[in-house]
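Hello,

Here is the structure I promised to pass on. Please open it first, then read my notes below.

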Amino acid sequence: SPGRMTMTPEETAASKKVPVNVDTLETYFTKRRQVGFRRDLHGLMRGEVYNFVDGKRNYYDIYKAVLAESMAAGSWYYGTVTLDAVVGLLDAAVEAGVVTLE
């Protein structure tokens, strides 16, 4: 039988943050252009992080979903997706007012 899964402290912290999109599309897209984030995520993967924000998924769920997508094509195509990069992008989006935390 498989062993018990244990999460790292970073994964546990990420699992407690649930991002929610702001109310209006105009505000969302205006502020999204202002997100200051280091560019270590492929552009398509950054877009996918935003696509998974629905007020139900937490940072960790979003990371796992985007990681699975990137693994389907390989790192040579989508680059490397890390928990740190996803958390960094989402935290920067919170600071810019693109999303809020529930």
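In helix H6, the buried residues are Leu 83, Ala 85, Val 86, Val 87, Gly 88, Leu 89, Leu 90, Ala 92, Ala 93 and Ala 96. Keep in mind that this is a predicted model.

H6 spans residues 83-96. From first C-alpha to last it reaches 20 Å, close to the 20 Å expected at 1.5 Å a residue. The helix is mostly covered, with 10 of its 14 residues buried. What covers those buried residues? The cover includes helices H1 (9-14), H2 (25-32), H3 (43-51) and H4 (59-73), along with strand E2 (99-101). Just after H6 comes Gly 97, with a positive phi of about 85 degrees.

Now the surface. Leu 44, Trp 76 and Tyr 77 form a nonpolar patch there. Together they have about 400 Å² of accessible area. Leu 44 belongs to helix H3. Is Leu 44 buried or partly exposed? Its relative accessible area is 46%, so Leu 44 counts as partly exposed.

Last, the whole protein. It has 6 helices and 2 strands. From the N terminus, the order is α-β-α-α-α-α-α-β. The radius of gyration is 14 Å, close to the 13 Å that the globule rule gives for 102 residues, so the protein is as compact as a globular protein of that length. Of the 102 residues, 39% count as buried. Among contacts with a separation of 6 or more, 74% join residues 24 or more positions apart. The protein exposes about 6,300 Å², and carbon and sulfur atoms supply 52% of that area.

Best wishes

Key
Residues are numbered from 1 along each chain as its sequence is written. This is a predicted model: local features need pLDDT of at least 70, side-chain atom pairs count only at pLDDT 80 or more; totals for chains, interfaces and linings use all residues. Side-chain values use heavy atoms; hydrogens and water are left out. Helices (H or I, at least four residues) and strands (E, at least two) are DSSP runs, numbered from the N terminus. The expected span of a helix is 1.5 Å times one less than its number of residues. Buried means under 20% relative accessible area, exposed over 50%, partly exposed in between (1.4 Å probe, protein chains only). Contact means heavy atoms within 4.5 Å. Patches are made of residues with over 30% relative accessible area and no salt bridge: like charges are joined within 9 Å, nonpolar side chains (Val, Leu, Ile, Met, Phe, Trp, Tyr) within 5 Å. Accessible areas come from the Shrake-Rupley method with a 1.4 Å probe; for residues, only the protein chains shown count as cover. A salt bridge is a side-chain nitrogen of Lys or Arg within 4 Å of a carboxyl oxygen of Asp or Glu. The radius of gyration is taken over C-alpha atoms; the globule rule is 2.2 Å times the number of residues to the power 0.38.
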